[in-house]
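Please look at the sequence and the structure below before reading on.

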Amino acid sequence: MPALVIRGAREHNLKNIDVEFPRNKLTVVSGLSGSGKSSLAFDTVYAEGRRRYVESLSAYARQFLGRMQKPAVDYIEGLSPAIAIEQSPPNRNPRSTVGTVTEIHDYLRLLYARVGVPHDPTTGHRLEKQTVDQMVDAIMGYPEGSRVALLAPVVREHEGGHREVFRNARRGGFSRIRVDGEMLAVDEAPELADDEKHSVELVVDRLKVGKASRARIADSVETALELSGGEAWVLDVDRAHDAASSIRVFSRTYRFADPEMSLPELEPRLFSFNNPYGACPACSGLGITLEFDKELVVPDSSLSFNEGGIVPYSPTSQWHRSKLESLAEHFGFDLDTPFGELPEHVRQILWYGSDEPL
């Protein structure tokens, strides 16, 4: 295994020390006060790693950082650019990490936002967005004479009759729509079942590749993108019988397999757990969630509230009693009834609360 090799370290009170540290391992340097731990770790290893990093920068950047002295050591081999965390009392903030304390996190956020490649979390496929010109080029690349239809997906697997969508299509001057894969005239739009999922696409244009002008295709693509919120579908009419290969999807946003999911433009705040925009919605960026254990709250379901069956709520507390008496009166249960014998909906209210006003 490659190692960090130090030979002839003489910084401060070090006496020509030779030592090797394994790479990719956590190594602890311990010893008596004054034995040279800091001289080895900070004044030798860290100082040389920082010096080499600065020396790799441009002359313009180095003029702002100043020249750094080489530590008293014969040579160091296997050294990477180094960081050092200030020796100070630990921060008790749960949001503090090694990344935030060292400020490496700020650089990582910027790096991911600039060179990161988004992928679909469901399929693992790389996500790409396209400009209108790229979409037009792709359509112009179809075999000459191909009959295609430009579609704007306005409903994607949503329950409902979508009558308003059909009315808006008529008002917008569209003559044809595609409902659940079937091409129809707008006036022939069927009555859709409200309790079933449906897909609806507006037919923005129908054309033959090669005969239609580039300007016409660009206008139609932009119309489809505007109507759908960022997507334009191209239906190869001659292959419409094969649904899997007849549709080509173009998107100006990062498109997921799940049509309900989308990804905004990559920016540093997306990668910050301290920013609500990038924090996990479940734990708010803390990495932990607060939950309760039902068996600790009600360890013995044969006891009622008045017998101390709900541990966090004391029957001797006037405040606790008044709250539960109000609940009991409103939802029709008795505080002398054992918790396990209460109706299921009452127990759910005691566990999780109710949206119903008292």
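## Aromatic pairs

In this predicted model, the count of aromatic pairs, taken with ring centres within 6.5 Å, comes to 4. One of them is formed by Tyr112 and Phe271, whose rings are tilted against each other, with 5.6 Å from centre to centre and 55° between the planes. Tyr112 belongs to helix α4 (residues 104-115), whereas Phe271 sits in the loop between β11 (262-263) and α9 (294-297), so the pair ties together parts of the chain that are 159 residues apart in sequence.

## The sheet of three strands

Strands of a sheet pair through backbone hydrogen bonds, and they do so in either a parallel or an antiparallel manner. An open sheet of 3 strands has the order β2-β1-β3, and its pairing is antiparallel. The edges are taken by β2 (17-22) and β3 (75-77), each of which has a single partner strand, so one side of each is left without a neighbour in the sheet. On average, and with direction ignored, neighbouring strands of this sheet are turned by 5° against each other.

Strand β1 (residues 3-9) runs antiparallel to β2 and is joined to it by 5 bridges, and within this part of the sheet Ile6 stands opposite Val19 of β2. Helix α1 (residues 37-55) lies across β1, β2 and β3, and its direction makes an angle of about 110° with β1.

## The sheet of six strands

Another open sheet is formed by 6 strands, arranged in the order β6-β5-β7-β4-β8-β9 with antiparallel pairing. Its edge strands are β6 (182-185) and β9 (247-251), each of which pairs on one side only. From one strand to the next, the twist averages 35°.

Strand β5 (residues 176-179) pairs with β6 in the antiparallel sense over 4 bridges, and Ile177 has Leu184 in β6 as its bridge partner. Further along the order, β4 and strand β7 (residues 197-208) pair in the antiparallel sense over 10 bridges, with Lys197 in β7 as the bridge partner of Glu159. On β8, which runs antiparallel to β4 and is joined to it by 4 bridges, Leu235 is the bridge partner of Ala149.

## A helix across the sheet and its helical partner

Helix α5 (residues 132-140) packs with helix α7 (residues 214-228) at an angle of about 120°, and their axes are 10 Å apart. The two helices, α5 and α7, are therefore oblique to each other, and α5 passes α7 in a right-handed crossing. On the α5 side, the contact is made by Val132, Asp133, Met135, Val136, Asp137, Ile139 and Met140, while α7 contributes Arg214, Ile217, Ala218, Val221, Glu222 and Leu225. Sorted by class, this contact of α5 with α7 has 9 nonpolar and 4 charged residues, and no polar ones.

Notes
Residues are numbered from 1 along each chain as its sequence is written. This is a predicted model: local features need pLDDT of at least 70, side-chain atom pairs count only at pLDDT 80 or more; totals for chains, interfaces and linings use all residues. Side-chain values use heavy atoms; hydrogens and water are left out. Axes are lines fitted to C-alpha atoms, for helices over the stretch in contact, and angles run from 0 to 180 degrees between N-to-C directions. Angles under 35 degrees count as roughly parallel, over 145 as roughly antiparallel, 65 to 115 as roughly perpendicular and the rest as oblique. A crossing is left-handed if the near helix is turned anticlockwise from the far one by less than a right angle, and right-handed if clockwise. Contact means heavy atoms within 4.5 Å. Ala, Val, Leu, Ile, Met, Phe, Trp, Tyr, Cys and Pro count as nonpolar, Asp, Glu, Lys and Arg as charged, and the others, Gly among them, as polar. Two strands pair if DSSP finds at least two bridges between them. Rings of Phe, Tyr and Trp (its six-membered ring) pair if their centres lie within 6.5 Å; planes under 30 degrees apart count as stacked, over 60 as edge-to-face and the rest as tilted.
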